[in-house]
Amino acid sequence: MSRRTIARLGGALTATALLLATGCTTMSNDDGLPYDPQPMKVDAAKDLVRSQSSAIFDAAGLREANNGAPDAAPCDGVENGFRVRHFWSMYAPTADALKQTMDKLHQDLPAKGWKVLRFEPAKSEAKQLQLDVEHEKDHHTATIELLLPSTYKDASKWEKEARDSISVSVTSPCYTDPAYEVGA
């Protein structure tokens with residue numbers, strides 16, 4: 001790997017850490033966030049995150065997914081602030097099909113408004129492929145990770161029972177809604 005590639009990866013890792021901590025990459029405000037949270041109703045924010053998840057699923061070209069519901073959680077230090085997270089997984093008939101899907105997402109998501117921040121092995125014990133992206137317009141972030149428990153050495157009972165999949169986590173930036181209540 002060239003020094004230039006290593007430097008790029010280091011920069012991408014730094015950007016990813018910032019994104020995962022904040023949900024966005026713009027300037028800082030008094031709340032400690034690197035951006036000013038925009039007003040949005042919780043239901044509208046959930047719909048937007050659901051739409052972003054659907055765009056990723058459509059780009060993957062797979063047919064099967066579990067579709068958990070988006071959930072709102074408080075933004076620390078922001079009055080009436082919340083962000084929405086949506087965790088879900090998608091499946092293919094084979095591990096090779098899932099690997100091809102990761103490559104497809106890496107190639108196709110930029111044309112759909114997503115900026116690739118990271119595409120490399122995850123920092124997990126399994127070190128399976130991870131793709132981190134940020135939507136350039138809405139500043140949602142997504143972590144997309146290839147999970148292949150069928151390939152794990154010394155897999156736990158739980159891992160042996162799990163299906164090979166691609167795990168997706170879509171997170172909104174912080175929004176504000178005076179009517180927001182924890183658990184809404």
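The accessible surface of the protein chain comes to about 10400 Å², and carbon and sulfur atoms account for 51% of that surface. Accessible areas were computed by the Shrake-Rupley method with a 1.4 Å probe, and for residues only the protein chains shown count as cover. The model is predicted, so local features need pLDDT of at least 70 and side-chain atom pairs count only at pLDDT 80 or more, while totals for chains, interfaces and linings use all residues. Residues are numbered from 1 along each chain as its sequence is written, and side-chain values use heavy atoms, with hydrogens and water left out.

The protein chain holds four helices and nine strands. Helices (H or I, at least four residues) and strands (E, at least two) are DSSP runs, numbered from the N terminus. Read from the N terminus, the elements run α-β-α-β-β-β-α-β-β-β-α-β-β. Of the 184 residues in the protein chain, 42% are buried. Buried means under 20% relative accessible area, exposed means over 50%, and partly exposed lies in between (1.4 Å probe, protein chains only). Contacts were also counted, a contact being heavy atoms within 4.5 Å. Among contacts between residues at least 6 apart in sequence, 60% join residues at least 24 apart.

One disulfide was found, where a disulfide is a pair of cysteine sulfur atoms within 2.5 Å. Its partners are Cys75 and Cys174, with sulfur atoms 2.2 Å apart. Cys75 lies in the loop between β3 (71-74) and β4 (81-91), and Cys174 lies in the loop between β8 (165-171) and β9 (175-176), so the pair ties together parts that are 99 residues apart in sequence. Both Cys75 and Cys174 are buried.

Aromatic rings were examined next. Rings of Phe, Tyr and Trp (its six-membered ring) pair if their centres lie within 6.5 Å; planes under 30 degrees apart count as stacked, over 60 as edge-to-face and the rest as tilted. The whole structure contains three aromatic pairs. In one of them, the ring centres of Phe57 and Trp88 are 6.2 Å apart and the planes stand at 75°, so this pair is edge-to-face. The pair links distant parts of the chain, with Phe57 in helix α2 (residues 42-60) and Trp88 in strand β4, 31 residues apart. Trp88 is buried, at a relative accessible area of 4%. Phe82, Tyr175 and Tyr180 form one aromatic cluster.

Beyond its neighbours within four places in sequence, Phe57 is in contact with Leu62, Arg63, Glu64, Ala65, Trp88 and Met90. Phe57 and Leu105 are 48 residues apart in sequence, and their C-alpha atoms are 9.3 Å apart in space. Arg63, one of the contacts of Phe57, lies in the loop between α2 and β2 (64-66). Arg63 is exposed, with a relative accessible area of 85%. From Arg63 to Ala92 the C-alpha distance is 7.6 Å, across 29 residues of sequence.

Two other arginines were examined. Arg118 is found in strand β5 (residues 114-121). Arg118 counts as buried, because its relative accessibility is 6%. The side chain of Arg118 reaches the backbone oxygen of Pro121 at 2.9 Å. The charged end of Arg163 sits over the ring of Tyr91, 4.2 Å from the ring centre. A charge sits over a ring if NZ of Lys or CZ of Arg is within 6 Å of the ring centre and within 35 degrees of the ring normal.

Ala142 has its place in strand β7. Ala142 is buried, with a relative accessible area of 1%. Not counting residues up to four places away in sequence, Ala142 touches Ile56, Trp114, Leu131, Asp132, Val133, Ser169 and Val170. Ala142 and Leu117 are 25 residues apart in sequence, with a C-alpha to C-alpha distance of 9.9 Å.

Asn80 is not a glycine, although it has a positive phi of about 60°. Asn80 is found in the loop between β3 and β4, and at 28% relative accessibility Asn80 counts as partly exposed. His139 also has a positive phi, near 60°, in a residue other than glycine. His139 lies in the loop between β6 (129-135) and β7 (141-147). At 22% relative accessibility, His139 counts as partly exposed.

Key
A polar contact is a pair of N or O atoms within 3.5 Å; within protein, one must be able to donate a hydrogen and the other to accept it, and residues adjacent in sequence count only if both atoms are side-chain atoms.
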